Amino acid sequence: MKVAKFGGSSLSSAGQIRKVATIIKNNPEIRAVVVSAPGKREEADTKVTDLLIALFTNHLAGLNVQPAIDSILTRYQLIVEELGLSDGLIDRFERTLRSYLNNIKDDARLLDALKSAGEDFNAQVVSDYLVSLGLKAAYLSPKDAGIVVTDEPSNAQLLPESYDYLKQLIGSETLYVIPGFFGYSKKGDIVTFPRGGSDITGAIVARGLEADVYENFTDQSYIFSAHPGHVRNPHAINAITYREMRELSYSGFSIFHDEALEPLYQVKIPVQIKNTNEPEIDGTRIVAERSDVNDYPVIGISSDEGFTSITLRQYLLNREVGYTRRLLQIFEDHNISIEHIPSGIDNISIIIRSHRLKENELQQIVQEIQDKLNPEWVQIEEDLAMMVIVGEGMREVTGLANKATSALAENNINIRMINQGASEISMIFAIAMKDQKKALAGLYEKYFNA
């Protein structure tokens, strides 16, 4: 039994939805479908989720919301007309949007409700179209499916009892179409997952229904060993482990949401990445273990940018009990999560994502560090990129780190920080953001073409 999730590019138009319907009709093992909001039809297009956020922004500013509502409804109107579905859907969608705008007074709650509408409306469209083709399909809201989440707007976390509710759907002859991206709090409020959260919903449904495979349909046939936009003809990955995928997703691989792996990892449900436009291609499989570790000790190289490093020097730091705890407390007090903590006997660096800092907050943190810890000096480095080399076989092969340092040296790239995770399946290098593309190309050449 399969659960299939279709992304925004797979559902961006009536033509794409027809392709999705063909995939579902040709594969009766698919018993539940999770859908995203319509994505871009071409590069200059706007995603429906962004149109919904624009509607919220206009409402908040006291502007006329009718043009924003019309833009959203027009996207669905074109799809509904081309698929030959009832105009009643569009009327229902407009009533829903106006109900949210008129009745939800809390801004954060309203934003979540409006953002969820993209997936919610699309699930209704896809469900009605499948029914029109003679399939026994039905729209199922996250509330009726039992997807119960925590109550922090835009940061929903699944509550464990959701799996018990979802299990009640096992064995049903109905093909359920479920909107991704959001669940309901115990109080009945709509709460969205972090953006990209339709992957999370798909994984939750796959686990709850005890699927044999979770198929994730995008506009790519494979996950590649490096970003195709930065490396020419990168190696297509046939199989990758959950841990490898988690490392790569965290550091820039956007094809699969990194948080979506957690529900599947726990019960070892494999993920099959497939292309809606070329469904006959097997694609990349995400599994607990892969058999080609000896052939590919390094499976992928990725990069992410926008980091800031705060480095402290304190003589005999390693002997001062509680120093690191007091340092970390400063960041906790500012509600800033920490990405990496490389250290030496007399120094320690805290690396964070720059976008987490509010205006002037970096200066406030530095001042608190100086007041509370009195270090010899504090050094700030901004505009950093993190290069990550990932592979389950890295711990068994000597000389892999040398390849990385020599590749960066040959390209005249200065390394700001080196960190190897305790799991020994990744190495992380901090470099200047301006050197990111050059570094990625050089590392790829060393590991995959040498």
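**Starting with strand β7**

Both faces of β7 are covered: Val213, Glu215 and Phe217 on one side and Tyr214, Asn216 and Thr218 on the other are all buried. Buried here means under 20% relative accessible area, exposed is over 50%, and partly exposed is in between, with a 1.4 Å probe and protein chains only. Before I go on: this is a predicted model, where local features need pLDDT of at least 70 and side-chain atom pairs count only at pLDDT 80 or more, while totals for chains, interfaces and linings use all residues. Residues are numbered from 1 along each chain as its sequence is written, and side-chain values use heavy atoms, with hydrogens and water left out.

Back to β7, residues 213-218: 6 of its 6 residues are buried, so the rest of the structure largely encloses this strand. Strands (E, at least two residues) and helices (H or I, at least four) are DSSP runs, numbered from the N terminus.

Who are the neighbours of β7? Strand β1, residues 2-6, runs parallel to β7 and is joined to it by 5 bridges. Two strands pair if DSSP finds at least two bridges between them. Alanine 4 stands opposite glutamate 215 in β7. Then there's β11, residues 271-275, which also pairs with β7 in the parallel sense over 5 bridges. There, tyrosine 214 has valine 271 of β11 as its bridge partner.

Now for the helices. Which helix holds aspartate 112? That's α5, residues 107-132. Aspartate 112 is buried, with a relative accessible area of 0%. Not counting residues up to four places away in sequence, it touches Pro153, Ser154, Ile190, Val191 and Thr192; contact means heavy atoms within 4.5 Å.

Helix α5 also meets α2, residues 48-60: their axes come within 8 Å and cross at roughly 150°. Axes are lines fitted to C-alpha atoms, for helices over the stretch in contact, and angles run from 0 to 180 degrees between N-to-C directions.

Last stop, an open sheet of 5 strands, with antiparallel pairing, in the order β14-β13-β15-β17-β16. Its edge strands, β14 (347-353) and β16 (417-420), each pair on one side only.
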